[in-house]
Structures are given as C-alpha cells and as structure tokens.
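This briefing is for a reader who is meeting the structure for the first time. Please look through the sequence and the model before reading on.

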Amino acid sequence: MKAILLITALAAGLLTACSLSPGTVAQADTTSEPARDGRAKVTYIANEGVMIEAGEDKILIDGLHRKYLDEYAYPPDDLREKIENAEGEFRGIDFVLVSHVHGDHFHPESVGRLLMKSGRTTLASSPQVAQLIKEKFSDHQKVKRNVHAVDFEFGKEAVISMQPADFVPEREAKAKPGIIVIRFLGLSHGTGRHATIQNLGHVIEIGGLKFLHLGDAVMSDENFDVFDLEKAGIDVAFIPYWYLLSERGRELVDRQFAPKHIIAVHVDVNEADKIKKDLEAADPRVRVFTKILETATF
Ligand SMILES: [Zn+2]
Ligand SMILES: [Zn+2]
C-alpha cells in the first residue's frame, strides 16, 4: 500500500504542531490473507507482543524481542526469524510499534532486520527506541528513512495517521480520518530506575476498532487522567496482568479505559496456567494470552 504519514504533536489533547513526513516506500502488494472472521484479528506473539490485522493493514507491537529474564515469554527463534524476514502472515506490516526499550519488549537488531526486509514497514516509537536502532543495528543507515521518532513527553501525546496516498490529496488527508490512526501516549513506567524510561501507551484505530496497549505503564490514576481514555471508545485493551489481580486494579481499568474487551498480557510464564484461570474467573470479559500464536477476532 502506498501511504502517507501525518505526524501531529498534541499537548494534552490540543493541537499545537503538525508536519508531514516522507511517505513510506511503495511496493507490490503481496500481503497475506486478511483477517476473516471479524473486522480485526489479533495474534499473540509473546509477553506484550501482538500483531493486529484488519484487511490488508497490519501493526506489530512489542513483538520483536529475545530471551531476557526467565519469567518473560519471548518468540522462539523460528518465529522471530519469520517475523524479521517478513514471511508468511508477517509480510506487509505497516507499522512496528515499541512501547519502550526494555528487553522483554524490544530488540534493536530484530526490529532493524525487519525494516531491512520490508521497505514498506515504518517503525514509529520513542526517541530512546530510535536511538538504540542507531547504536545497536549495524545497518541502521539503510533503514533510517523507515524510522520515525515521535515526540515524547510524560503526560503528552502525539498522533500518526496513515491513508492511501493514491486518492487522498495531502491537503485533505489532514482533515480526514486515516485508515490507521495511532495515538502515542507519554506514560510513566514508574520511579527509581524506571523514571527515565520513555514508555509509550498506544491507542490504535484500525478496521474501525480501537485498541489500547499500555506497555509497562505504572498503575495509577495520575498516569492516565490527562488522556481521557475512558471517553475514547476503547474496544480492546491489552492490559498487563498485574492490573487485573486486584479489585482496585480492575476498577482502575474500568474507570480509566472503559474497554469492551480485555486481553491480559505480560503473563509470568512460570505461573501462566494459574494466572489465566484466576483472571478469567474474576471477570468474564478478560481473555488471557499465554500461548504463542493464539488469536482473537473482533
Ligand atoms: Zn519495562
Ligand atoms: Zn515488561
């Protein structure tokens, strides 16, 4: 798909700046089969890694990482290589999103390799993630036009929208909703050694549905209040499982995000079965992702 990107900086919901970035590379359209059963299909990769597909549009978030600590799931080598090589269902990914630089969410060489293979794919993430691609991926010069660092500030957001350039004039594109619209939210990962981590939350509009992904955002009202996510019409929220262990956490999820569906992610692999059973019993809306490549459709 030939596409243009619009990058818009917003401060607490107010439009303050706007600029047009170079388009992504156009390639022959050889995408694999679109999602069938629903309007969007979600495939679990590992930990907080998911791919969201709607028609020919695909987004991968936190899906490319390697072994880090024992309790975190990671894609096995054959799957990771398939993603890095943009093969099979991983062909034609429009956006790679990365919540933050921690090794259970991101590996710069893996993301760099995917960008090398798939010229149409854009990495849109924090300045910290973009910087690590530069430092750790030896061919970074060859992929730099596919890397977009979005503005990051705690409590602020940026927006990207993507539309087919063939029939939407640039001057009109700004005013029309894109096929894919992504809000990048500057969320805190916590205090101490986590205080400087640029953790991005994402609201991803694709296939007419809205998906929320939090990365490792710290569980507090102060972290989310400014974004009014409960008014955003979230269809599916990917929530770190620890939010859902307590009544207090489950109430925060409802109060802050008001999601129609909840998928628990970042599940400790040593306790996966117990966590799955407990969380699904506590709230019938919750589905727990524990099996690599399991899918859900919406
Ligand atoms: Zn983290
Ligand atoms: Zn994590």
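The notes below cover the helices, the strands and the nonpolar core.

This is a predicted model, in which local features need pLDDT of at least 70, side-chain atom pairs count only at pLDDT 80 or more, and totals for chains, interfaces and linings use all residues. Residues are numbered from 1 along each chain as its sequence is written, and chains are lettered from A and ligands numbered from 1 in the order in which they are written. Helices (H or I, at least four residues) and strands (E, at least two) are DSSP runs, numbered from the N terminus.

**Helix packing**

- Helix H2 (residues 108-117) packs against helix H3 (residues 127-136) at an angle of about 85°, and their axes are 9 Å apart; axes are lines fitted to C-alpha atoms, for helices over the stretch in contact, and angles run from 0 to 180 degrees between N-to-C directions.
- That angle makes H2 roughly perpendicular to H3 (under 35 degrees counts as roughly parallel, over 145 as roughly antiparallel, 65 to 115 as roughly perpendicular and the rest as oblique).
- H2 contributes Pro108, Glu109, Val111 and Gly112 to the contact, and H3 contributes Leu132, Ile133 and Lys136 (contact means C-beta atoms, placed from the backbone, within 7 Å).
- The axes of helix H1 (residues 77-84) and H2 come within 8 Å and cross at roughly 40°, which makes H1 oblique to H2.
- Arg80, Ile83 and Glu84 of H1 meet Ser110, Arg113, Leu114 and Lys117 of H2.

**Strands E3 and E4**

- Strand E3 (residues 41-44) pairs with strand E4 (residues 50-54) in the antiparallel sense over four bridges; pairing requires that DSSP finds at least two bridges between two strands.

- Strand E10 (residues 180-187) has seven of its eight residues buried, so E10 is largely enclosed by the rest of the structure (buried means 20 or more other C-beta atoms within 10 Å of a residue's own, exposed 12 or fewer, and partly exposed in between, with C-beta atoms placed from the backbone).
- E10 pairs with strand E11 (residues 199-206) in the antiparallel sense over seven bridges, and Val203 in E11 is the bridge partner of Arg183.
- The largest nonpolar core has 78 residues, of which Ile59, Ile239 and Ala264 touch the most other members (a core is a set of buried Ala, Val, Leu, Ile, Met, Phe, Trp, Tyr and Cys residues joined through C-beta atoms within 7 Å).
- E10 gives the most to this core, with five residues.

Key: Contact = placed C-beta atoms within 7 Å.
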